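Here is a short report on one protein chain.

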Amino acid sequence: MRGMKKSNLVLGITGGIAAYKSAELLRLLMKQGHSVQVAMTDAACHFITPTTLQGLSGQPVFTDQWDARAPNNMAHINLSRAAAAIVIAPASADFIAKLANGLADDLLSTLCLARNCPLLIAPAMNREMWQNPATQRNIAQLIADGVQVMGPDAGMQACGEEGMGRMLEAAQLAELITAALQPKLLAGKRILITAGPTYEPIDAVRGITNRSSGKMGYAIAKAAREMGAEVRLVSGPTSLAAPEGAQRVNVQSAAEMYQAVMQSVADCDIFIAVAAVADYRVAQPAEQKIKKSDASLTLELVPNPDILAQVASLPNPPFCVGFAAESEKLAEYAEQKRRAKRLPLLVGNLAQQAIGSDDNELVLFDDAGAHPLPHADKLTLARQLLEHVAQRYPAAK
Ligand code: C5P
């Protein structure tokens, strides 16, 4: 599957009741195509058996520092050298304290100390243990050391208390791990993205808009962040949360979107216009609500600026990517649009399939021809699209 980096991972499990979620996490990581080597502490083996994890991972599970199966008895070195990342889930308070202090008195802690790859941890513990200044100090130290801390979450705890300390759910962890593994193909690049619909007022309470959900644009913003880009997202009205680390500028009308884009475009490297911008606006919106009457009502509509075409025709334009939602003859109309707007890359999709849904199917049109991206969720497609952009960008610059 393109758009998803498959890796060798080490999944470290420490002693905590949340270890039951690790079996599901392992399954999800493997479903995404990763190969996972499990290593467990003694305490973890009290909560879930190595047999379960061996069965699911299809690989022997390491629990013992003195395990003679590893070549030269060097499991602590060999396991991390083959890994793209080590994930500790659950990470107990005791294990976090060990990591923060560089202790290495069992296989898993030795493995972490000897690693040459990123370390991600998912803390899980009682709320008082989590809030304890010692734990908070240790977490702060790990963050300063470059360890990625995933969670914890608040909620009902196994001990019956309620508060911070629950391990994130397996699906959330799998998503964060996959995001962390994305190659940093866009590191240092500044990307400007438009997303969502626009809203063109008719009067004080009514307006013209469309059914764009903003999901594709937001997925691209998220994928761009994962790949190391600096992201500014100029968004029409949507109910979506801004992807972490993206700078969102909220706008309503096409005119506001145009202004926001023009203010940012000078210092961006790549511009991706995903927004479904209204082609027309009401010439003179009424300041107050228009009162109903039996007479017919005519609204004069005037064309909006084509933001993408204007950016693409700047003297020194960023690498411009457009979207075309068509209801038929996708290849023909998309290629026409690409030429008309003078874009190095245009993404075509069928409007009936794309609007509002979580999945889509895209075709990328560039000078080399058409590149279909098969049906997938929008985040997977966004990653594939940005991989393509990252390949094409240096050639186009
Ligand atoms: O011409 P059409 O509206 O189909 O082109 C779609 C592409 O142009 C999309 O990338 C959309 O974001 C962009 N666009 C724009 N400003 C407009 C209309 C479309 O940026 N006024």
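Of the 397 residues in the protein chain, 48% are buried (under 20% relative accessible area; exposed is over 50%, partly exposed in between; 1.4 Å probe, protein chains only). This is a predicted model: local features need pLDDT of at least 70, side-chain atom pairs count only at pLDDT 80 or more, and totals for chains, interfaces and linings use all residues. Residues are numbered from 1 along each chain as its sequence is written, and side-chain values use heavy atoms, without hydrogens and water.

The chain has 14 helices and 19 strands (DSSP runs numbered from the N terminus: helices are H or I, at least four residues; strands are E, at least two). Its C-alpha trace spans about 85 × 50 × 35 Å along the principal axes.

The structure holds 1 aromatic pair (rings of Phe, Tyr and Trp, the last by its six-membered ring, with centres within 6.5 Å; planes under 30 degrees apart are stacked, over 60 edge-to-face, the rest tilted). The ring centres of Phe 319 and Tyr 393 lie 6.2 Å apart with planes at 75 degrees, so the pair is edge-to-face. It links distant parts of the chain, 74 residues apart.

Tyr 280 is partly exposed, at 46% relative accessible area.
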